[in-house]
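My notes follow in the order I looked things up.

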Amino acid sequence: LPEQADTVILADWGANPSYIAADVFAHAEGALSKSVVVITSHVVTATEILEAVSNHPAMKAKDRTLAGFLDECSAVVLTKDMDEALDLIRQYPPKHLSLVVEHPPECMARTAFAGVFYLGENTPAGIEGYFASASNLIPSGRECRFVSPLDVDDFFTKSSLAYYSKK
């Protein structure tokens with residue numbers, strides 16, 4: 001797993017491979033990511049996702065740039081179980097984390113850090129640019145542990161005030 005993974009998609013046995021493939025391409029085409037990594041602990045899911053990516057219309061268009069990006073900057077990582085997958089994500093927090101799993105909030109609680117979390121298969125990362133209004137200035141890598149995405153509060157000044165009476 002790249003130390004500075006921009007996009008990680010965690011998929012379980014119930015993930016729709018076509019949705020995952022579409023999410024991979026949304027990141028690849030939209031220049032949202034420097035890397036797109038799909039993590040799963042299910043061999044069948046991994047195989048179906050690889051097949052869906054290779055059969056995606058964008059690949060059929062023979063877009064060399066896109067195919068090159070996918071060859072060089074993407075991967076499907078197979079782990080022994082979901083615990084190992086979540087450990088990887090905790091070790092290398094991504095900018096964008098899509099949790100395409102049965103219980104996304106539980107996995108989110110176990111990962112702790114990411115710039116933006118996308119919960120469930122109906123919330124693809126591509127939605128960020130159109131509806132979700134997540135910040136485009138998102139920390140990556142281990143910076144997720146101490147830096148938050150830029151938001152409107154960053155444009156307000158804040159002060160602390162202390163006052164004690166003689167009493």
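**Entry 1: a strand pair.** I began with strand β1 (residues 7–11) and strand β2 (residues 36–40), which run parallel and are joined by 5 bridges. Strands pair here if DSSP finds at least two bridges between them. Strands are DSSP runs of E, at least two residues long, and helices are runs of H or I, at least four long; both are numbered from the N terminus.

**Entry 2: ground rules.** This is a predicted model, where local features need pLDDT of at least 70 and side-chain atom pairs count only at pLDDT 80 or more, while totals for chains, interfaces and linings use all residues. Residues are numbered from 1 along each chain as its sequence is written, and side-chain values use heavy atoms, with hydrogens and water left out.

**Entry 3: the whole sheet.** In what order do the strands of the open sheet lie? I read β3-β2-β1-β4-β5, with parallel pairing across 5 strands. β3 (74–78) and β5 (116–119) are at the edges; each has a single partner strand, so one side of each lacks a neighbour in the sheet. Neighbouring strands are turned by 15 degrees against each other on average, direction ignored. Axes are lines fitted to C-alpha atoms, for helices over the stretch in contact, and angles between N-to-C directions run from 0 to 180 degrees.

**Entry 4: a helix on the sheet.** Helix α5 (residues 82–91) packs on the sheet and touches β1, β2, β3 and β4 (96–100). Its direction makes about 165 degrees with that of β1. Contact means heavy atoms within 4.5 Å.

**Entry 5: the cores.** A nonpolar core is a set of buried Ala, Val, Leu, Ile, Met, Phe, Trp, Tyr and Cys residues joined through side-chain atoms within 4.5 Å. Buried means under 20% relative accessible area, with a 1.4 Å probe and protein chains only. The largest core has 17 residues; among those touching the most other members are Ile 9, Ile 20 and Val 38. β1, α1 (17–29), β2, α2 (43–54) and α4 (64–73) each give two or more residues to this core. α1 has the largest share, 5 residues. I then checked Val 38: beyond its neighbours within four places in sequence, its contacts include Ile 9, Val 24 and Ala 75. A second, separate core of 13 residues includes Leu 10, Ile 89, Leu 99 and Ala 114.

**Entry 6: the overall count.** I found 6 helices and 5 strands. Of the 167 residues, 40% are buried.

Definitions and conventions:
Buried means under 20% relative accessible area, exposed over 50%, partly exposed in between (1.4 Å probe, protein chains only).
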